[in-house]
Amino acid sequence: MENSVTQDGIASVLSLDSSSVQPQIVVQLVDLKPVGNRYTFNANDGKTKIKAMLPATLTSEIVSGKIQNLGLIRLLDYTPNDIPGKSGEKYLLVTKCEAVASALDSEIKTKASTGIMLKPKQEFVAKSASQIINEQRGNAAPAARMAMTRRVHPLVSLNPYQGSWTIKVRVTNKGILRTYKNARGEGCVFNVELTDEEGTQIQATMFNAAAKKFYDTFQKGKVYYISRGSLKLANKQFKTVQNDYEMTLNEYSDVEEAGSEEMFIPETKFNFVPIDELGPYVNQKELVDVIGVVQSVSPTMSIRRKSDNEMIPKRDIVLADETKKTVVVSLWNDLATDLGQELLDMADKYPVIAIKSLKVGDFQGVSLSTISKSDVVVNPDIPEATKLKSWYDSEGKEMSMSAIGSGMSPSANNGSRSMYSDRVCLSHFTTNPSLGEDKPVFFSTRAYISFIKPDQAMWYRACKTCNKKVTEAMDSGYWCEGCQKKDEECSLRYIMAVKVSDSTGEAWFSAFNDEAEKMIGCTADELNVLKSEEGEGNEFQTKLKEATWSSHLFRVSVSQQEYNSEKRQRITVRGVAPVDFAAETRLLLQDISKNKKTSQ
């Protein structure tokens with residue numbers, strides 16, 4: 001019978017051990033329904049039904065009707081797993097399948113005597129698994145024969161409740177062997193990042209005996225078979241790859257290098273963050289992937305590293321995307337010299353680059369920086385790159401764009417975030433002390449500057465080239481560690497705290513140079529001159545008083561900082577603007593209209 005289920009297919013799957021060849025069987029989908037971003041169903045072979053789950057990647061085929069409830073699919077790759085808390089019960093995690101037939105009139109039920117065979121896969125019915133393995137082994141190379149004796153699981157199928165498994169992965173990053181000391185004693189630890197053929201990543205950690213055993217075994221770029229490890233939910237604070245789980249290997253785990261026949265190049269999977277959404281990631285441990293058009297490339301610079309005083313090459317590039325925002329990406333080491341030169345040579349063609357694993361810093365508001373495991377692909381063959389290049393060539397090239405880190409304007413022009421979105425009162429901060437615990441959160445507020453402490457350290461000495469802090473040179477002038485040069489003069493830049501108030505309460509805001517200048521009404525150098533004037537009623541005090549009880553619109557970030565082993569809320573001004581009373585009136589009218597509708 002054509003296009004029907006495989007007789008006893010589910011029973012044959014459940015009877016397999018890890019060394020058996022995985023048969024491809026046809027089953028009927030019964031009770032297909034969404035659960036989260038996936039779909040579950042009962043796989044039916046006419047005699048037996050088993051719970052099963054389809055991956056999120058097949059959602060489009062279900063929505064389009066290619067895969068239907070009561071339809072038939074061929075299971076090409078799947079993993080039987082135990083159902084947590086239900087001893088002996090299993091479910092199938094399907095990672096690859098293909099549609100065979102659309103929905104039938106009813107659920108298939110077969111009699112024991114009925115012989116139903118899978119037409120395209122008749123060899124499976126005619127031969128046992130052991131016969132197929134022996135035939136394949138005869139023509140295979142030694143390493144390939146070894147590979148055929150194991151059932152390789154895709155990383156996406158692993159979970160903490162699973163029994164035995166074997167994975168085939170490439171080491172895409174290897175950490176250093178570190179020592180640690182805690183209440184339980186001293187030890188050592190290191191981790192590796194593993195990627196399978198489908199591009200799924202996971203971090204594996206080894207402690208003490210396992211770390212010493214496998215540190216020399218794992219080599220970056222090589223492919224390994226790994227089994228007898230354990231999984232647990234990933235710690236968000238230390239997670240470096242996109243996976244809900246992390247792996248731990250002990251001294252009893254099996255790690256075996258794959259032969260040359262088993263080599264593969266893992267597909268790089270990106271999880272792009274638009275440039276205008278980078279704000280919440282500033283100074284967080286979480287890394288981001290970005291895609292953008294290269295607008296400019298700087299010459300190579302040499303920066304002295306603080307940790308070991310070594311000079312390392314750096315090059316800055318400016319990326320833009322469809323959010324009409326730009327961001328500076330700092331390339332370091334080989335990426336600065338090799339890739340940076342390649343980008344400089346082709347800068348006039350405005351190439352598209354995709355970068356995986358970037359650190360988000362707060363230099364100039366928001367900035368990106370490569371790290372040792374960052375992966376850069378120039379003009380990648382992916383839909384996002386094609387769409388971005390088309391947009392840039394047709395309209396983006398002529399547009400005026402602003403840096404994501406620049407001060408927010410009070411209106412939403414040019415793609416910047418409006419001061420009238422996410423509007424909250426100060427009580428929102430004071431009554432939620434845990435705001436920004438996981439990562440910074442952004443809000444807008446309207447408030448008055450109620451107090452500026454006159455005896456605080458309101459500015460720092462800065463390099464006129466890079467704006468970083470300078471120190472006094474031994475003889476004269478000022479030394480900049482960042483630029484590695486001495487200058488006879490420096491400039492002053494604000495770094496200050498101000499108390500702000502509204503009708504619901506008050507809070508302390510931290511402000512940096514550009515924002516503080518708008519609040520004070522003069523530069524730090526100018527205010528320093530006023531402060532140096534003698535007399536009690538000098539212009540310095542007058543200037544600070546003039547700045548108080550002025551109403552402003554603020555765009556702020558809220559984060560948590562640890563001080564003396566205690567976490568404290570820190571509110572930082574990211575943008576400041578004068579009140580636009582016409583816009584404020586419109587906002588109030590909108591609120592009144594919403595409240596009327598709610599009361600009705």
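1. A salt bridge here is a side-chain nitrogen of Lys or Arg lying within 4 Å of a carboxyl oxygen of Asp or Glu. Lysine 499 and glutamate 506 form such a pair, with N and O 3.7 Å apart. Glutamate 506 is partly exposed, at 44% relative accessibility. The model is a predicted one.

2. Salt bridges with shared partners connect Arg423, Arg446 and Glu584 in one network. Under the same rule, the count is 15 salt bridges.

3. One of the salt bridges is between the side chains of lysine 49 and glutamate 107, at 3.1 Å from N to O. Lysine 49 belongs to strand 3 (residues 49-54), while glutamate 107 sits in the loop between strand 5 (90-101) and helix 3 (122-126), so this pair ties together parts that are 58 residues apart in sequence.

4. Arginine 461 makes a salt bridge with glutamate 472, and their closest N and O atoms are 2.7 Å apart. This pair links distant parts of the chain, with arginine 461 in strand 22 (residues 459-462) and glutamate 472 in strand 23 (residues 470-472), 11 residues apart.

5. Is glutamate 472 buried or exposed? Its relative accessible area is 55%, so glutamate 472 is exposed, given that exposed means over 50%.

Conventions: Residues are numbered from 1 along each chain as its sequence is written. This is a predicted model: local features need pLDDT of at least 70, side-chain atom pairs count only at pLDDT 80 or more; totals for chains, interfaces and linings use all residues. Side-chain values use heavy atoms; hydrogens and water are left out. Helices (H or I, at least four residues) and strands (E, at least two) are DSSP runs, numbered from the N terminus. Buried means under 20% relative accessible area, exposed over 50%, partly exposed in between (1.4 Å probe, protein chains only).
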